[in-house]
Amino acid sequence: MISWPDSLIKDIARRRSVVYLGSGISRNSSNAKGESPKTWKLFLEFASANGGFTKDEKDVIDTKIAKGDYLLACELIRELMGHDRYINLLKDEFQRKKYDHAPIHEAIQKLDSRLVVSANFDQIYENYAKGITKGAVSVKNYNDSDLASCIRDSDDMILKIHGSIEQPNEMIFTQSEYAVARNMYPAFYQIFNALFVTRTFLFLGAGLNDPDIRLLLENYSFQYRWSKKHFFVIPFDQLSEIERKIHSDVLNLDFLLYDPANNHEELTDSLWDLVNKVDTYRNKLAGTQDW
């Protein structure tokens with residue numbers, strides 16, 4: 001089980017946290033056929049194998065994927081497939097398969113973090129959260145004009161930082177789309193940077209290959225060297241000890257480790273343990289009024 005730091009428990013209890021969901025969280029879901037959403041890498045590999053590319057084109061794409069250059073690989077896939085086929089492929093994977101939520105989504109919602117950030121194009125978590133709260137949670141995209149005012153409101157919110165499959169032409173998935181977003185929506189990145197400074201982030205099911213997140217973490221670490229660390233949950237075998245130390249120093253992160261056996265069962269169990277610890281601390285706060 002993950003050993004949750006007291007500082008993280010207190011920040012979540014006081015609603016001073018941001019829970020960040022990567023593709024590993026959606027991976028826990030399944031549909032009636034037993035299919036699960038693909039991670040970024042798996043989606044690109046599937047697209048490469050089924051996109052009707054020539055051998056030379058596929059070799060270039062596969063080389064980029066193997067090197068971890070997912071943005072450029074996705075850029076190549078989109079350009080070679082053409083707009084309509086590419087969008088149809090995205091909808092087939094992230095919308096039409098009708099994935100159900102998983103127990104891990106229930107635990108995340110029970111944490112009652114006012115702000116949940118999702119890097120996922122699917123709508124699995126927001127559909128569950130809106131259903132369980134009877135619509136009392138708002139869903140905003142990185143390009144919404146009222147984002148600043150919504151952040152300051154007291155309502156629960158899910159922020160889709162890469163867009164949603166509902167608006168596939170607005171999704172941020174390729175190298176050029178990241179570049180366009182940074183130039184067209186600087187206010188969003190200012191807001192997101194402010195969240196890194198004022199809230200404690202708990203990263204779940206995420207990797208360090210998202211260029212936006214890495215850039216923001218690097219900026220945060222450089223500008224606020226001695227500030228509190230954010231928390232990054234990963235399987236114990238994902239990074240070596242020296243890699244974790246380097247990332248911890250460079251990105252100002254505290255890695256929390258779990259055993260990925262049995263389809264990452266320990267992560268879900270650990271999150272329920274975190275829910276209990278947060279609830280216990282909130283009950284204590286209710287008695288002391290020391291908010």
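Strands pair if DSSP finds at least two bridges between them, and strands (E, at least two residues) and helices (H or I, at least four) are DSSP runs numbered from the N terminus. The model is predicted: local features need pLDDT of at least 70, side-chain atom pairs count only at pLDDT 80 or more, and totals for chains, interfaces and linings use all residues. Residues are numbered from 1 along each chain as its sequence is written, and side-chain values use heavy atoms, without hydrogens and water.

**View 1. Strands β6 and β7 are joined by six bridges.** β6 (residues 230-235) and β7 run parallel. V233 has L256 of β7 as its bridge partner.

**View 2. Seven strands make up an open sheet with parallel pairing.** Their order is β3-β4-β2-β1-β5-β6-β7. β3 (137-141) and β7 (253-258) are the edge strands, each with a single partner, so one side of each lacks a neighbour in the sheet. From one strand to the next the twist averages 20°. Helix α14 (residues 261-288) packs on this sheet and touches β5 (200-204), β6 and β7; contact means heavy atoms within 4.5 Å.

**View 3. Helix α7 (residues 103-110) packs with α14 at about 20°, their axes 9 Å apart.** Axes are lines fitted to C-alpha atoms, for helices over the stretch in contact, and angles run from 0 to 180 degrees between N-to-C directions. The two helices are therefore roughly parallel (angles under 35 degrees). Among the contacting residues are I104 and A107 of α7 and L267 and W272 of α14.

Notes
Angles under 35 degrees count as roughly parallel, over 145 as roughly antiparallel, 65 to 115 as roughly perpendicular and the rest as oblique.
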